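Grab a pencil and keep the 3D view open while you try these exercises. Have a go at each task before you read its solution.

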Amino acid sequence: MFRNLIAWPGVPLAMGSAALFGASTPFAKLLLGTGVSPWLLAGLLYLGSGLGLSVVHLGRRRFGIAPAEAPLRRGDLPWLALVILSGGVIGPVLLMIGLTTTAASTSALLLNLEALATMAIAWLVFKENVDRRLLAGAAAILAGAVVLSYQGGPTGFGLGSLAIAGACLAWGVDNNLTRKLSAADPVQSAMVKGLVAGAVNFALALATGAQLPPPGPLLGAGIVGFLGYGVSLVMFVLALRHLGVARTGAYFSTAPFIGAGLAIAMFGEPFTVQLLVASVLMLIGVALHLTEGHEHQHAHEPMEHEHRHIHDAHHRHEHGPADPDGEPHTHVHKHGPLTHSHPHYPDIHHRHGHAH
C-alpha cells in the first residue's frame, strides 16, 4: 500500500486522528438532541479531553509506565499559549457567532476551509515542500469534503460567514503552531489545551445563560471529548512529527467522510450519490498522498533539540553519563551537519527548503 516505510506510522496516526474526530460529530449531534447548549457542549468536550488526558498523564507516572517523551519546557509555553488562544478560544467563539446568523448549508460548506487554511499556511508561511501530486491529492480531498457538506447552495453570505471563515483560519493557525510542540509529550500538550480551552468555553457558556445538562449527557460529553478531541489530538501531534503539517492536514480532511459514514449507521440516513462521489474523491486524494515518493540529496544543519528517538541515521550522537539507557529514549542532543539522500517527509528533521 505504501511506496516506502516513511509513511509509517505517520499516515495511520493521521487517519486514526481523523476517524476519532469524525466519529465525534454524530455523537455530538446526539448530545445536542438532549438540549445541551452548543457553546456549553464545546466547553464540555474540551474539558472531557483535558480531564481524561489528565488521568492518563497522572496514571502512567503513578505506575511508572510513562513513555520516553520530552516534557514541555519553558520555551514551549508561548507556543502552547498561542495554540490554546487560536484553536481553543478564538476558533470556537467565532464559530458560535457565525452559527447564530448563517444558514446551515453555508456553515457546513465553510467549515471545510480549515483544511485549506492548514495546508496553505504550511506551504506559504512555513515553506513545506509541495508538488503537483500533493496539490492534486489535497484538491481531491477538499473537493470530497465540499461535496459531502453541500446542501443546495450557500445562502445568506455575510458577517456570520466571515466569522466562520475566521474560525477556520484560527484552527489552521492552531494546526501549524502545534508543529512547534510536536517534539514534546503530546499527552501533556493536549491535556493543557483541553483544560484551559474547556474552562474558558465552559465559563463563557454559563455566563451567557447556558444550563448544565443532566448527569447522563454530561458523562457522554466527557467520553466523546476524551476520545474525539483528546486522543485524536494526541494522534494528530504524533502524525505531525512524521508527516509535517500539510500532509497531516490533508489526511485529517477525511474526518467529515468518516463522520458521515457513521451517521448512516447510527441514524439510518441513506447512502446518497453525494456521499458516493465524496468517497471516491477522498479515496483518490488519499491514494495520491500515500503513493508519494520524495527523495533527493539534502543537507541537515547543526541543531540541538529534545524528543523521543532511537539511534538511527539521524541520531549518531554519543551519550554522557547522565543520558538514559535503552531505546527509545529522550534527552537533549545535538545534530552535526549531515548531507545524504533518502525518502523523507517534512518531519522534525526534514524542514529544509527546496529549489524549484
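Helices (H or I, at least four residues) and strands (E, at least two) are DSSP runs, numbered from the N terminus. This is a predicted model, where local features need pLDDT of at least 70, side-chain atom pairs count only at pLDDT 80 or more, and totals for chains, interfaces and linings use all residues. Residues are numbered from 1 along each chain as its sequence is written, and side-chain values use heavy atoms, with hydrogens and water left out.

**Exercise 1.** Find Thr178 and work out whether it is buried or exposed.

*Solution.* Start with the place: Thr178 sits in the loop between helix H7 (159-177) and H8. Next, recall the cut-offs: buried means under 20% relative accessible area, exposed over 50%, and partly exposed in between (1.4 Å probe, protein chains only). Thr178 has 6% relative accessibility, so it counts as buried. Finally, look at its contact: the side chain of Thr178 reaches the backbone oxygen of Asp174 at 2.7 Å.

**Exercise 2.** Describe how the rings of Tyr46 and Tyr229 are arranged.

*Solution.* First, the rule: rings of Phe, Tyr and Trp (its six-membered ring) pair if their centres lie within 6.5 Å; planes under 30 degrees apart are stacked, over 60 edge-to-face, and the rest tilted. The whole structure has 4 aromatic pairs. In the pair of Tyr46 and Tyr229, the centres are 5.5 Å apart and the planes make 75 degrees, an edge-to-face arrangement. Now trace the chain: Tyr46 is in helix H2 (residues 38-62) and Tyr229 in helix H9 (residues 215-243), 183 residues apart, and the pair links these distant parts. Check the cover too: Tyr46 is buried at 11% relative accessible area, while Tyr229 is partly exposed at 23%. Last, zoom out: ring pairs join Phe21, Tyr46, Tyr229, Phe236 and Phe252 into a cluster.

**Exercise 3.** Which residues touch the most other members of the largest nonpolar core?

*Solution.* A nonpolar core is a set of buried Ala, Val, Leu, Ile, Met, Phe, Trp, Tyr and Cys residues joined through side-chain atoms within 4.5 Å. The largest one has 30 residues, and Leu53, Met119 and Tyr251 touch the most other members. Then ask who supplies it: H9 gives the largest share, 8 residues. A second, separate core of 14 residues includes Leu40, Leu45, Ala210 and Val224.

**Exercise 4.** Why is H10 described as largely enclosed?

*Solution.* Count the buried residues: 8 of the 8 residues of H10 are buried, so the rest of the structure largely encloses this helix. Among them are Val245, Arg247 and Phe252.

Definitions and conventions
Polar contact = N/O pair within 3.5 Å; in protein donor to acceptor, adjacent residues only side chain to side chain.
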